[in-house]
Amino acid sequence: MARQARLFIPDCPMVLELQGVAGQDVFKTREAFSLFQAQLPLSSIEEGIALHAYCMVPARALLMVSSPQAQNVGRFVQNLNRHFSPALRQVQDVQSSAVWEPRFKSNVIQPGLRSLKACLFVEQLAARATGAPDLATYPWSSFAAHAGVVNEAWLVDLPAYWQLGNTPFERQSRYRQFSEQGLSDRDGAALAASLQKGWLWGDDDFCTQIQDLANRPVRPRRRGRPLKATRSTE
């Protein structure tokens, strides 16, 4: 069976997941983390990608991006790997010929509140994977920038983040408050499932409205035959 095309909707946020080959750690040293982090803005600019959020843990990385063109997303990941992989071999031992699994996972996110939740989902990878107690002090995530702890001017704010306040201080403060509420178990599970399967995370109305702009179905088709309309007896 032919592999299904990667879901893409122009300018809608996407979450990308890069995994180490066979689950192996990619980032074993501070230098490895720093190399990847430094390459993110360079590759995003070169390939016309808006980078909204990121988080790296030893065996994987989550990135939140958007683009007007589908091919830019794949080119961004290729660009990132083309520069990062050889540089990584200069600072640590790499056992395999490849650093990452050959096909990265992705989903598409409905703009608005869901995109803000997805941003937090990306940044909370540090807590889920490493038990990091304070995201604001975790150096390999965009959370510190969104919370006003560090300045990463190369990040592109989501419209939903921009709407949190009229000034940077207001936005940062309200994002910290938003993060303290956390994601519900239901939202976290739905986001994780859509990322694994490559579907859109959005409500029913948005899925219906956006389908014509997508390059393939945005949700799985219901199993079984369509229900037949019943004939009125009146």
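Student: How far is the sulfur of Cys12 from the closest cysteine sulfur, and in which residue is that sulfur?
Tutor: In this predicted model, the closest cysteine sulfur to that of Cys12 belongs to Cys207, at 10 Å, which is too far for a bond. A disulfide would need the two sulfur atoms within 2.5 Å.

Student: Is Cys12 buried or exposed?
Tutor: Cys12 is buried, its relative accessible area being 5%.

Student: What about Cys55, and which cysteine is closest to it?
Tutor: For Cys55 the closest cysteine sulfur is that of Cys119, 11 Å away, so a bond is ruled out by distance. Cys55 is buried as well, with a relative accessible area of 0%.

Student: How many disulfides does a search of the whole structure find?
Tutor: The search returns zero disulfides.

Student: Changing topic: which residues have the most contacts inside the largest nonpolar core?
Tutor: That core has 69 residues, and those with the most contacts inside it are Leu16, Phe27, Phe36, Leu63, Phe76, Trp100 and Tyr175.

Student: Take Trp100, then. What does it touch, leaving aside residues up to four places away in sequence?
Tutor: With those set aside, Trp100 touches Leu18, Gln19, Gly20, Val21, Val26, Phe27, Phe36, Arg60, Ala61, Asn81 and Phe84. Two of these partners, Phe27 and Phe36, are also listed among the residues with the most contacts inside the core.

Student: At what angle does α3 cross α8?
Tutor: The axes of α3 and α8, the latter spanning residues 185-197, cross at roughly 80° and come within 11 Å. These helices are therefore roughly perpendicular to each other. Lys117, Ala118 and Phe121 of α3 meet Asp187, Gly188, Leu191, Ala192 and Leu195 of α8.

Student: Where does Ala126 lie, and is it buried or exposed?
Tutor: Ala126 belongs to helix α4, residues 125-130, and is buried, at 0% relative accessible area. Beyond residues up to four places away in sequence, Ala126 touches Cys55, Val57, Gly131, Ala132, Leu135 and Tyr138.

Student: What separates the C-alpha atoms of Ala126 and Phe143?
Tutor: The separation is 9.9 Å, for two residues 17 residues apart along the chain.

Student: On to backbone angles: what is phi for Asp11 and for Ala22?
Tutor: Phi is near 65° in Asp11 and near 55° in Ala22. Each is a positive value in a residue other than glycine. Most residues other than glycine have a negative phi.

Student: Where do Asp11 and Ala22 lie?
Tutor: Asp11 is in the segment before β1 (14-19), while Ala22 is in the loop between β1 and α1 (30-46). Ala22 is exposed, with a relative accessible area of 61%.

Conventions: Residues are numbered from 1 along each chain as its sequence is written. This is a predicted model: local features need pLDDT of at least 70, side-chain atom pairs count only at pLDDT 80 or more; totals for chains, interfaces and linings use all residues. Side-chain values use heavy atoms; hydrogens and water are left out. A nonpolar core is a set of buried Ala, Val, Leu, Ile, Met, Phe, Trp, Tyr and Cys residues joined through side-chain atoms within 4.5 Å. Buried means under 20% relative accessible area, exposed over 50%, partly exposed in between (1.4 Å probe, protein chains only). Contact means heavy atoms within 4.5 Å. Helices (H or I, at least four residues) and strands (E, at least two) are DSSP runs, numbered from the N terminus. Axes are lines fitted to C-alpha atoms, for helices over the stretch in contact, and angles run from 0 to 180 degrees between N-to-C directions. Angles under 35 degrees count as roughly parallel, over 145 as roughly antiparallel, 65 to 115 as roughly perpendicular and the rest as oblique.
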